[in-house]
Amino acid sequence: MKKLTNDPSRNVNAVSGMWVRLRKDNSKYDVRYVNARLKRIWRLSETSAGTSWNVQTKGEKKYAELLDGMKASQADLEHGWFLVPDNERKAYGFTVPVLTGMDAKSVSGITVADFESRWTCENERFTTIDHWPKQGMVRHLPPTEVEDESKWAGEDEFLDDEPAPITQEIPEVPPTVNNKAVTYTTMPDLMMAKECPALQGMGHIRYFRTSKGRKVAYVASANGKCVVAYRARYERGSDMVLETAVAEYVKSLGFAA
């Protein structure tokens with residue numbers, strides 16, 4: 001199977017940095033930031049009051065337990081936690097600031113630098129009245145009313161995933177197939193379908209799942225063009241039931257698969 005572009009196996013010792021996972025309901029991404037030197041893991045939360053990074057673990061034991069759980073989940077390519085390399089965050093749209101204090105080399109360094117003056121730090125919790133991330137990271141995400149920090153426990157909130165598909169029946173009358181070729185493309189695993197350049201401007205995007213229920217294929221057509229996008233993690237030819245369904249749908253749109 002093709003390696004994920006954010007596969008931390010490229011560096012088996014890589015731990016520190018931004019970790020993300022797609023929720024089981026495919027609605028949002030949860031985000032954490034790990035500092036292995038300080039034995040700290042922060043959780044990103046978006047509320048009506050703004051944005052915050054909250055420490056989830058302190059102390060070596062709790063830190064190790066939470067980190068081990070994150071690592072163990074990596075076997076789940078669809079919903080497990082994965083470390084996104086620093087140089088790939090922007091490509092996936094994860095533009096929320098990682099504050100200087102979160103990357104400190106000692107506990108005394110957990111403070112807010114001058115250029116991050118819109119953020120405040122109290123008891124290792126960073127907050128801002130701004131709503132991050134901007135430029136597409138949080139889209140159509142309704143604010144969450146939070147009165148006290150205790151209500152934040154376990155409520156990681158982040159990125160909206162693509163909307164649920166619109167169910168439609170394929171007409172039984174065979175459509176007329178034209179000679180226009182279908183364009184195939186590969187889409188990064190953590191990119192939303194609506195953010196894929198090849199699918200933008202193509203109207204409704206229909207997705208297809210593997211036999212294990214993972215969304216790996218997306219099809220859209222407009223203006224005499226048809227695009228089929230497969231996730232980078234999916235190996236073509238590994239699920240013929242899925243690919244047959246994609247081919248039949250493409251044909252129903254009037255294109256030769």
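A salt bridge here is a side-chain nitrogen of Lys or Arg within 4 Å of a carboxyl oxygen of Asp or Glu. The model shown is predicted.

**View 1. K58 and E124 meet in a salt bridge.** The N to O distance is 4.0 Å. K58 sits in the loop between β4 and α1, and E124 in the loop between β6 and β7. The two are 66 residues apart, so the pair links distant parts of the chain. K58 is partly exposed at 44% relative accessibility. E124 is buried at 12%.

**View 2. D76 pairs with K24.** Their closest N and O atoms are 3.1 Å apart. This pair also joins distant parts of the chain: D76 lies in the loop between α1 and β5, K24 in the loop between β1 and β2, 52 residues apart. K24 is exposed, with 62% relative accessibility.

**View 3. R21, R23 and D30 form a network of salt bridges.** Within it, D30 and R23 meet at 2.9 Å, N to O. D30 is buried, with a relative accessible area of 2%. The whole structure holds 9 salt bridges.

**View 4. An open sheet of 7 strands.** The order is β5-β1-β2-β3-β4-β7-β6, with antiparallel pairing. Strands β5 (82–84) and β6 (119–122) are the edges, each pairing on one side only. Neighbouring strands are turned by 30° on average, direction ignored. Helix α1 (residues 60–72) packs on the sheet and touches β1, β2, β3 and β4. Its direction makes about 135° with that of β2.

**View 5. β6 against β7.** Here 4 bridges join β6 to β7 (residues 125–128). T120 stands opposite T127 in β7.

**View 6. Two buried cysteines, C196 and C226.** Relative accessibility is 3% for C196 and 1% for C226. The whole structure contains 0 disulfides.

Notes: Residues are numbered from 1 along each chain as its sequence is written. This is a predicted model: local features need pLDDT of at least 70, side-chain atom pairs count only at pLDDT 80 or more; totals for chains, interfaces and linings use all residues. Side-chain values use heavy atoms; hydrogens and water are left out. Two strands pair if DSSP finds at least two bridges between them. Axes are lines fitted to C-alpha atoms, for helices over the stretch in contact, and angles run from 0 to 180 degrees between N-to-C directions. Contact means heavy atoms within 4.5 Å. A disulfide is a pair of cysteine sulfur atoms within 2.5 Å. Buried means under 20% relative accessible area, exposed over 50%, partly exposed in between (1.4 Å probe, protein chains only).
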